[in-house]
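Here are my notes on the model you passed along.

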Amino acid sequence: MASSAAGRQELHQCWQFVAAVWLPWLLITHAGLCPDVTNSSKAGSKCQVLPKVCIDQNIYVLYSNQHNPRHELFTQLPQLKLHNITMDYYGYGDIWGTHFQRPSPFVRPATAGEETRELAHPQFSRCTIPLVIYADDLYMYGHFFANTVATIHMMQQDGTLDDRHNLVIDTFGMQLATFHRFILAPFSHYDITTLSYLSSRLPAEKPESYNPDGQHGRCFWWVAGPVWGLVSPAASPIHALSSQQLHWSGYAASGLGVCLVHCAPCIAGNKSCCAHSYIV
């Protein structure tokens, strides 16, 4: 009788787990809120897709067997190399001599000595696929629009990215400028967030609007990153991109709309309007 009661309790706990974890995931997947992971796998040179990752205070912690040095399937630890990405500071984007070369992100395997419970016993989100953006000259409006936004637009046009990904920007712990959320809004259903916030050790049950799960989370079945944020002006589909301002105009009635109009001739070759960054 005791074993039968224990069996029923175990079955009940199993169903509780299904109700708490799998059913919500099935519902949001069926509702079409989750991005298609097969699209992310086609990212190629634009970004690197990593499986089973927790991001802890800007550090990528890998849980896949192929990234575990003690496992027989271990191959190697991936390196996220950033090539010639220049970082500027919030409020100092136009000051000569304040830029620096952005270091490559830190990547390590998961260990038996993880400091937080979330990393010691990770629950990987199957629906949230962060697209981590390492942008060149992050706080210079014209550069960000011409390079990073054009790259994201190209990825959506070729089917690599859809608007169900959540966009995450590495800011070195600084806040986003006003224009970041504004010009990236048409490219995702969810709020734009920073890597430092996404990877912070906040409670997992904290409600959030930057992902389809609706709560804070740092562990994912898939992470796409980094987007280099660099695109040749000659290859940039700026005319198609400028048509997006029809969507932008609905997000805010501010001077940012004027900035968007001026960006198109800049990228098309008219450098006279690119003398300064548009920061509102």
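This is a predicted model: local features need pLDDT of at least 70, side-chain atom pairs count only at pLDDT 80 or more; totals for chains, interfaces and linings use all residues.

1. The salt bridge count comes to 8, with a 4 Å limit between the side-chain nitrogen of Lys or Arg and the carboxyl oxygen of Asp or Glu.

2. Look at arginine 201 and aspartate 56, a salt bridge whose closest N and O atoms are 2.8 Å apart. Arginine 201 comes from the loop between α6 (195-198) and β9 (219-227), while aspartate 56 belongs to strand β1 (residues 48-56), so this pair ties together parts 145 residues apart in sequence. Aspartate 56 has a relative accessible area of 8% and is buried, whereas arginine 201, at 36%, is partly exposed.

3. How far apart are the closest N and O atoms of arginine 102 and aspartate 170? They sit 2.6 Å from each other, in another salt bridge. Here both residues are in loops: arginine 102 in the one between β4 (100-101) and β5 (107-109), aspartate 170 in the one between β7 (166-169) and α5 (178-184), so parts 68 residues apart in sequence are tied together. Arginine 102 is buried at 4% relative accessible area, and aspartate 170 is buried at 5%.

4. Arginine 164 makes a salt bridge with aspartate 162, with 3.0 Å between the closest N and O atoms. Arginine 164 counts as partly exposed at 21% relative accessibility; because the cut-off for buried is under 20%, aspartate 162 falls on the buried side at 12%.

5. Some salt bridges share partners, and these join Asp56, Glu115, Glu118, Arg201 and Arg218 into one network. Two of those names, Asp56 and Arg201, are the pair from point 2.

6. Now to β7. Its side chains point two ways: Asn166 and Val168 to one side, Leu167 and Ile169 to the other, and all of them are buried.

7. What does β7 pair with? Strand β6 (residues 130-133) is one partner, parallel to β7 over 4 bridges, and valine 132 stands opposite valine 168 there. Strand β8 (residues 193-194) also pairs with β7 in the parallel sense, over 2 bridges. In that pairing, isoleucine 169 has threonine 194 as its bridge partner.

8. Last, the connections. From β7 the chain crosses through α5 to β8, and this β-α-β crossover is right-handed. The β-α-β unit made by β6, helix α4 (residues 141-157) and β7 is right-handed too.

Methods:
Residues are numbered from 1 along each chain as its sequence is written. Side-chain values use heavy atoms; hydrogens and water are left out. Buried means under 20% relative accessible area, exposed over 50%, partly exposed in between (1.4 Å probe, protein chains only). Two strands pair if DSSP finds at least two bridges between them. A crossover is right-handed if, with the strands pointing away from the viewer, the path from the first strand over the helix to the second runs clockwise.
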